[in-house]
Amino acid sequence: MKKLRIGVAGLGRAFTLMLPALSRDPRVELVAAADPRPEARSKFEADFQAKSFASVDELCKDATIDVVYIATPHQFHAGQARLAASHGKHLLVEKPMALTLEDCRSMIDAAREANVALVIGHSHSFDRPILQARKIIEQGLVGKVRMITAFNFTDFLYRPRRPEELATEHGGGVVFNQAAHHVDMVRLLGGGEVRSVRAATGAWDRSRPTEGAYCAFLAFRNGAFAS
């Protein structure tokens with residue numbers, strides 16, 4: 001079986017969290033990475049006996065790479081995805097997909113034009129409790145899903161953060177960082193396509209000037225709804 005050769009864009013926290021799965025999967029091979037930090041590149045080269053680049057542009061030009069895994073800060077996802085697609089690379093993109101619907105659509109268009117796969121790397125819909133709940137729903141053991149209530153509390157806003165993680169315009173705050181997980185899980189359990197969304201957000205701490213809370217109401221095309 002031919003392995004998918006992966007080039008990693010960004011050697012930060014997202015890559016670190018994904019690394020155990022990538023290392024264990026016999027279907028993939030880490031062959032290259034890009035990061036502006038020399039120390040991160042040196043460690044990657046030593047750990048994986050693989051090459052590294054100072055820019056994503058150089059990474060995308062490497063003909064030995066099949067897939068570019070985009071694990072850079074959120075504000076760079078759209079541009080880097082379009083760049084990788086233009087070089088014929090398949091795309092695995094960390095959540096959130098991008099910061100605007102326009103950027104998301106441009107990524108989809110770029111992937112279609114280049115005839116490459118575009119996958120957004122949501123992970124919590126693969127958690128065992130979520131998969132078990134999905135199995136119970138599919139088996140019809142509890143009837144049709146009519147309503148879902150999901151609640152989550154973390155100290156996300158008060159952990160050590162880079163400046164852009166506290167700036168909404170750069171993808172900071174809990175909506176971009178946490179809601180992407182919640183919506184993904186709820187869509188899996190609720191039936192897929194959402195017909196409408198109503199939401200409110202709260203940014204109440206001036207020392208952390210981005211959204212620290214949100215509430216959303218999702219109505220599905222099948223008649224179910226979630227909050």
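Biologist: Is asparagine 115 buried or exposed?
Modeller: Asparagine 115 counts as exposed, since its relative accessibility is 68%, where exposed means over 50% relative accessible area, buried means under 20%, and partly exposed lies in between, using a 1.4 Å probe and protein chains only. Please keep in mind that this is a predicted model, in which local features need pLDDT of at least 70 and side-chain atom pairs count only at pLDDT 80 or more, while totals for chains, interfaces and linings use all residues. Residues are numbered from 1 along each chain as its sequence is written, and side-chain values use heavy atoms, with hydrogens and water left out.

Biologist: Where does asparagine 115 sit, then?
Modeller: Asparagine 115 is in the loop between H5 and strand E6 (118-120), where helices (H or I, at least four residues) and strands (E, at least two) are DSSP runs numbered from the N terminus. Its phi is near 60°, which is a positive value in a residue other than glycine.

Biologist: What about glutamine 49, what is its phi near?
Modeller: Glutamine 49 has a phi near 50°, again positive in a residue other than glycine, and this residue is placed in the loop between helix H2 (38-48) and E3. With a relative accessible area of 66%, glutamine 49 is exposed.

Biologist: Which peptide bond is cis?
Modeller: The bond running from lysine 95 to proline 96 is cis, and its omega is near -10°. Proline 96 belongs to the loop between strand E5 (90-93) and H5.

Biologist: Switching topic, how many salt bridges are there?
Modeller: The structure holds 13 of them, counting as a salt bridge a side-chain nitrogen of Lys or Arg within 4 Å of a carboxyl oxygen of Asp or Glu. As background, side chains of opposite charge can pair when their charged atoms come close.

Biologist: Which residue does aspartate 62 pair with?
Modeller: Its side chain meets that of lysine 51 in a salt bridge, at 2.9 Å from N to O. Aspartate 62 lies in the loop between helix H3 (56-61) and strand E4 (67-70), whereas lysine 51 lies in strand E3 (residues 51-53), so the pair ties together parts that are 11 residues apart in sequence. Aspartate 62 counts as buried at 8% relative accessibility, while lysine 51, at 35%, counts as partly exposed.

Biologist: And aspartate 35, buried or exposed?
Modeller: Aspartate 35 is buried, with a relative accessible area of 5%, and its side chain forms a salt bridge with arginine 37 (2.8 Å, N to O). Arginine 37 is partly exposed at 35% relative accessibility.

Biologist: Which residues are linked in a network of salt bridges?
Modeller: Arg161, Arg162, Glu164 and Glu165 are linked in this way. Within that group, the side chains of glutamate 165 and arginine 162 meet at 3.9 Å, N to O; glutamate 165 is buried at 14% relative accessible area, and arginine 162 is partly exposed at 39%.

Biologist: On to helices, at what angle do H6 and H7 pack?
Modeller: Helix H6 (residues 128-139) and helix H7 (residues 174-190) pack at about 20°, with their axes 9 Å apart; axes here are lines fitted to C-alpha atoms, for helices over the stretch in contact, and angles run from 0 to 180 degrees between N-to-C directions. That makes H6 roughly parallel to H7, as angles under 35 degrees count as roughly parallel, over 145 as roughly antiparallel, 65 to 115 as roughly perpendicular and the rest as oblique.

Biologist: Which residues make that contact?
Modeller: From H6 there are Ile130, Ala133, Arg134 and Ile137, and from H7 there are Met185, Leu188 and Leu189, with contact meaning heavy atoms within 4.5 Å. By class, these residues of H6 and H7 are 6 nonpolar, no polar and 1 charged, where Ala, Val, Leu, Ile, Met, Phe, Trp, Tyr, Cys and Pro count as nonpolar, Asp, Glu, Lys and Arg as charged, and the others, Gly among them, as polar.

Biologist: How far apart are the axes of H4 and H5?
Modeller: Helix H4 (residues 77-86) and helix H5 (residues 101-114) have axes 9 Å apart and an angle of about 5°, and they are therefore roughly parallel to each other. Among the residues making the contact are His77 and Ala81 of H4 and Ser106 and Met107 of H5, and by class the contact has 7 nonpolar, 2 polar and 2 charged residues.
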